[in-house]
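This report describes one protein model, moving from its loops to its sheets, helices and side-chain contacts. Please keep the sequence and the structure in view while reading.

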Amino acid sequence: MATEPLAKIENLIAKFGEKVVLDGVNLSIFPREILTIIGGSGSGKTTLLKHLMGLERPYRGTVEVFGKDWWEMEEAEKENTQHSIGVLFQNGALLGSKTVGVNVAIPLEQHTKLPEPVVERVVRLKLHQVGLEEAIEKMPSELSGGMRKRAALARALVLDPPLILCDEPSAGLDPVTSQQLDSLLLNLRDNLGLTIVIVTHEIASIMRVADRIAYLEKGEIIFDGTLEEALTTDIKSVREFFEVGIVDDSAKNRN
């Protein structure tokens with residue numbers, strides 16, 4: 001693993017009114033790793049993701065991506081940096097009135113001046129990378145849940161970002177489809193050299209893909225380490241998260 005992080009959060013405090021959501025968070029994200037951010041509901045996972053995306057200004061502390069603080073950039077540089085981060089939203093966020101191909105092309109049409117034939121070739125390439133090239137003319141309503149997630153992932157990849165942020169990518173998927181999506185993320189990391197950050201609560205998915213795990217509790221990172229370390233830690237809430245989740249997963253699979 002490279003020693004220089006792709007993104008770095010230092011002493012991050014996030015407040016909404018008087019409510020402290022993140023309280024002194026420190027976290028580094030390294031090239032070509034899959035980092036999973038986990039924790040209970042209301043622990044600050046989504047807020048942390050928004051700060052990584054440059055959508056929220058820290059109350060205190062810094063958030064650096066690609067070596068630069070989000071909030072010290074000029075507006076044009078900030079916009080260019082945002083194009084270097086792909087985002088896979090929880091619900092996919094596809095436009096229902098547009099075909100899959102048009103959905104995937106949106107970032108290219110908004111942020112580049114590529115001619116239409118080149119845009120189409122890039123869209124087909126990205127759909128091919130996620131195993132969905134045959135769906136280019138289909139509407140989102142014609143796709144299964146897993147296919148919609150892959151179409152949204154193709155859109156997140158279309159500007160060739162080195163960093164991908166995923167918010168609950170397996171939410172709403174059956175175990176087989178979830179496993180297929182995890183395999184795709186692993187292949188993309190290995191073949192394209194991507195760095196991937198995943199906010200999730202899906203234990204099976206965490207155990208398949210995580211190189212490193214950061215556990216948030218009440219706005220603080222109380223654990224940062226490997227899966228093996230998470231499974232054997234003496235931090236009670238982290239250990240219980242996995243113990244309860246493994247039992248729940250086993251029960252779901254039996255049903």
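The model is a predicted one, in which local features need pLDDT of at least 70 and side-chain atom pairs count only at pLDDT 80 or more, whereas totals for chains, interfaces and linings use all residues. Residues are numbered from 1 along each chain as its sequence is written, and side-chain values use heavy atoms, with hydrogens and water left out.

Phe66 belongs to the loop between S4 and S5, and its phi is positive, about 55°, although Phe66 is not a glycine. Lys218 likewise has a positive phi, near 50°, in a residue other than glycine; Lys218 lies in the loop between S9 and S10 and counts as exposed at 74% relative accessibility. As background, most residues other than glycine have a negative phi. The helices (H or I, at least four residues) and strands (E, at least two) named in this report are DSSP runs, numbered from the N terminus.

## The four-stranded sheet

Four strands form an open sheet with antiparallel pairing, in the order S2-S1-S4-S5; two strands count as paired if DSSP finds at least two bridges between them. Strand S2 (19-29) and strand S5 (68-69) are the edges, and because each has a single partner strand, one side of each is left without a neighbour in the sheet. Strand S1 (residues 7-16) is joined to S2 by eight bridges in the antiparallel sense, and Ala7 has Ile29 in S2 as its bridge partner.

Helix H1 (residues 45-52) packs on this sheet, where it touches S1, S2 and strand S4 (60-65), and its direction makes about 120° with that of S1. Contact here means heavy atoms within 4.5 Å, while axes are lines fitted to C-alpha atoms, for helices over the stretch in contact, and angles run from 0 to 180 degrees between N-to-C directions.

## The six-stranded sheet

A second open sheet has six strands in the order S6-S7-S8-S3-S9-S10, with mixed pairing. Its edges are strand S6 (85-88) and strand S10 (220-225), each with a single partner strand, so one side of each is left without a neighbour in the sheet. Neighbouring strands of this sheet are turned by 20° against each other on average, direction ignored. Strand S7 (residues 163-167) and strand S8 (residues 195-199) run parallel and are joined by five bridges, with Cys166 opposite Ile198 in S8. H5 packs on the sheet, touching S6 and S7, and its direction makes about 165° with that of S6.

Strand S3 (residues 34-39) is largely enclosed by the rest of the structure, because six of its six residues are buried. Ile34, Thr36 and Ile38 point one way from S3, while Leu35, Ile37 and Gly39 point the other way, and all are buried. S3 pairs with S8 in the parallel sense over four bridges, where Thr36 has Ile198 as its bridge partner; S3 also runs parallel to S9, to which five bridges join it, and Leu35 stands opposite Arg212 in S9.

## Buried residues of helix H3

In helix H3 (residues 100-111), the buried residues include Val100, Gly101, Val104, Ile106 and Leu108. Among the elements that cover the buried residues of H3 are helix H4 (116-129) and helix H5 (145-157).

## Ring contacts

The structure holds two aromatic pairs. Rings of Phe, Tyr and Trp (its six-membered ring) pair if their centres lie within 6.5 Å, and planes under 30 degrees apart count as stacked, over 60 as edge-to-face and the rest as tilted. The rings of Tyr215 and Phe241 have centres 5.6 Å apart and planes at 85°, so this pair is edge-to-face. Because Tyr215 lies in strand S9 (residues 212-217) and Phe241 in helix H9 (residues 236-254), the pair ties together parts that are 26 residues apart in sequence. Phe241 also forms an edge-to-face pair with Phe242, at 5.5 Å centre to centre and 75° between the planes, and ring pairs thus link Tyr215, Phe241 and Phe242 into a cluster. Phe241 is buried at a relative accessible area of 16%, and Phe242 is buried at 1%.

Conventions:
Buried means under 20% relative accessible area, exposed over 50%, partly exposed in between (1.4 Å probe, protein chains only).
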